[in-house]
Amino acid sequence: MMTNIKKIPLAFGNGFSELSIPEKNFSSIILPSEPEEREDGALLIKKALENPVKSRRLSEIVNSDSKISIIVSDVTRPTPTAKILPPLLEELYLCGAKDENITIVFALGLHRQQTEEESKKLVGEDIYKKIRCIQHDTSRCRRIGVTSRGTPIEVFEEVLDADFVIGTGGIEFHYYAGYSGGAKSILPGVSSEESVLTNHKMMIEENAVSGRVDSPVRQDMEEAAEAFGLKFILNVILDSKKGIVAAVAGDFIAAHRKGIEFVDAMYKAPVEPADAVVVSCGGYPKDINLYQANKALDNATQAVKEGGSIILVAECEEGIGNQVYECWNMQCKNPDDAIERFKHCFEFGGHKSAIVAIAAKKFRLYLVSKLPEEKARDAFFIPMGSVQEALSAVLSDNPEAKIHVMPHGGQTLPVRKEN
């Protein structure tokens with residue numbers, strides 16, 4: 001009797017790896033649903049500014065004497081700041097706001113300083129020339145309070161001293177803050193090192209996962225932004241080609257939640273958890289290293305029954321991708337080590353080790369990559385030479401296994417169907 005085979009190409013680096021799976025084991029293919037046609041990005045931003053959520057228009061709030069701070073994303077984010085700023089400035093000019101009273105602040109959080117070239121490219125040559133652009137400085141923060149979860153609220157003095165602050169950015173899934181955007185302009189964007197690290201320590205709490213607004217990390221961020229007095233945001237939602245598909249403006253919580261509805265409609269996929277899932281990050285650059293590839297793993301955990309298997313297909317051309325992560329992998333002998341260590345010693349980079357460790361205790365984690373086998377094992381994965389070999393291992397344990405396939409793991413968030 002011939003078994004019917006389904007062939008599915010999975011992105012691997014700049015190429016593909018083909019999965020051949022027996023029809024009887026194939027459960028479903030989990031895909032994002034992006035809009036076919038897009039409106040012009042500048043127009044979407046203009047409309048959002050003309051119809052702010054739970055807020056008056058900026059041109060009705062600020063005046064010609066207002067000292068205005070506009071917080072923008074740094075070089076590590078895909079936010080198209082150069083497209084966001086022109087319509088935003090137009091709106092401000094309607095009420096007579098002056099260039100010399102406006103400061104653009106790059107929200108570095110704890111990231112490295114940018115070069116002048118990078119800053120210029122982010123905001124656009126013309127705007128860089130006429131408006132003062134500065135970078136966040138963690139050593140120049142003032143404390144204005146403490147959140148109910150114990151996070152000090154310490155904000156960059158240049159932002160504290162403005163009359164009116166506008167947060168800009170993009171909204172997408174974030175693996176421990178639930179979503180990016182909104183309050184993230186303030187914390188971590190322009191906060192002190194102590195504020196950021198205290199906030200990020202909550203990332204191993206149960207609800208601190210992708211696609212949840214009740215993530216303790218996000219709730220803490222929003223409490224800090226509320227205490228700071230953030231009144232207005234302008235956020236965009238991008239598709240996988242980095243095109244703007246929606247924009248929201250207004251109240252920093254209400255507008256953010258409206259933006260989330262767009263993200264959820266495109267990237268949340270209701271599923272019944274299966275025995276296993278095969279997940280590709282979506283190829284280069286999403287699988288450039290294991291640090292980046294973890295995002296797809298994280299999303300895939302939602303589509304598998306506890307005790308099931310996850311096959312992560314990620315080339316990892318540049319290895320582990322983070323020195324601290326690599327050190328933890330080598331020093332922690334088993335998942336419990338990494339989880340315990342993280343509880344006592346918060347170290348950025350080590351968090352990836354702890355998050356994979358939590359997954360490794362619930363699922364069998366297979367990795368198809370170019371990493372040396374030893375490095376894959378150190379990171380709590382079972383190394384496999386090909387996606388077919390990994391599938392055979394899963395089926396030899398359970399020949400009747402039902403398997404989901406996620407070709408765009410970094411962008412798709414399976415949501416367990418409620419029974």
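In the predicted model, F173 touches G178, Y179, S210, G211, V263, D264, Y267, K268, K295, Q411 and L413, where residues up to four places away in sequence are not counted and contact means heavy atoms within 4.5 Å. F173 lies in strand β10, residues 173-174, helices (H or I, at least four residues) and strands (E, at least two) being DSSP runs numbered from the N terminus. With a relative accessible area of 6%, F173 is buried, a term that stands for under 20% relative accessible area, whereas exposed stands for over 50% and partly exposed for the range in between (1.4 Å probe, protein chains only). The C-alpha atoms of F173 and S240 are separated by 13 Å, and the two residues are 67 residues apart along the chain.

This is a predicted model, in which local features need pLDDT of at least 70 and side-chain atom pairs count only at pLDDT 80 or more, while totals for chains, interfaces and linings use all residues. Residues are numbered from 1 along each chain as its sequence is written, and side-chain values use heavy atoms, with hydrogens and water left out.

One of the contacts of F173 is S210, which is placed in the loop between α7 and α8. S210 is likewise buried, at a relative accessible area of 10%, and, when its neighbours within four places in sequence are left aside, S210 is in contact with F173, H174, Y175, G178, N299 and L413. In helix α7 (residues 193-200), the buried residues are S195, V196, T198, N199 and H200, and their cover includes β8 (152-156) and α8 (216-228).

Two further contacts of F173, V263 and Y267, are among the buried residues of α9, which are A255, H256, G259, I260, V263, M266 and Y267. Seen down the axis of α9, these buried residues fall within an arc of 140°, so they line one face of the helix; the arc is that of the directions from the helix axis to the C-beta atoms. The face turned away from this buried side carries the exposed residues E261 and A265. Helix α9 (residues 254-267) has 14 residues, which at 1.5 Å a residue should span 20 Å, and its end C-alpha atoms are 20 Å apart, in agreement with that value; the expected span is 1.5 Å times one less than the number of residues in the helix.

The largest nonpolar core has 84 residues, and those with the most contacts inside it are V159, L290, I310, L312 and F381; such a core is a set of buried Ala, Val, Leu, Ile, Met, Phe, Trp, Tyr and Cys residues joined through side-chain atoms within 4.5 Å. Helix α10 (residues 290-300) gives the most to this core, with six residues. A48 is found in helix α1 (residues 41-50) and is buried, with a relative accessible area of 8%.

Several features of the backbone occur in loops. A cis peptide bond with omega of about 10° joins L187 and P188, and P188 is placed in the loop between β11 (178-179) and α7. A cis peptide bond also joins Y284 and P285, with omega of about -5°, and P285 lies in the loop between β15 (274-280) and α10. K242, although not a glycine, has a positive phi of about 70° and is found in the loop between β12 (232-238) and β13 (244-250). F380, also not a glycine, has a positive phi of about 75°; its place is in the loop between α14 (373-378) and β18 (382-384), and at 11% relative accessibility F380 counts as buried.

For the protein as a whole, there are 15 helices and 20 strands. Buried residues make up 56% of the 419 residues, and of the contacts with a separation of 6 or more, 73% are accounted for by residues 24 or more positions apart. Along its principal axes, the C-alpha trace spans about 80 × 50 × 45 Å.
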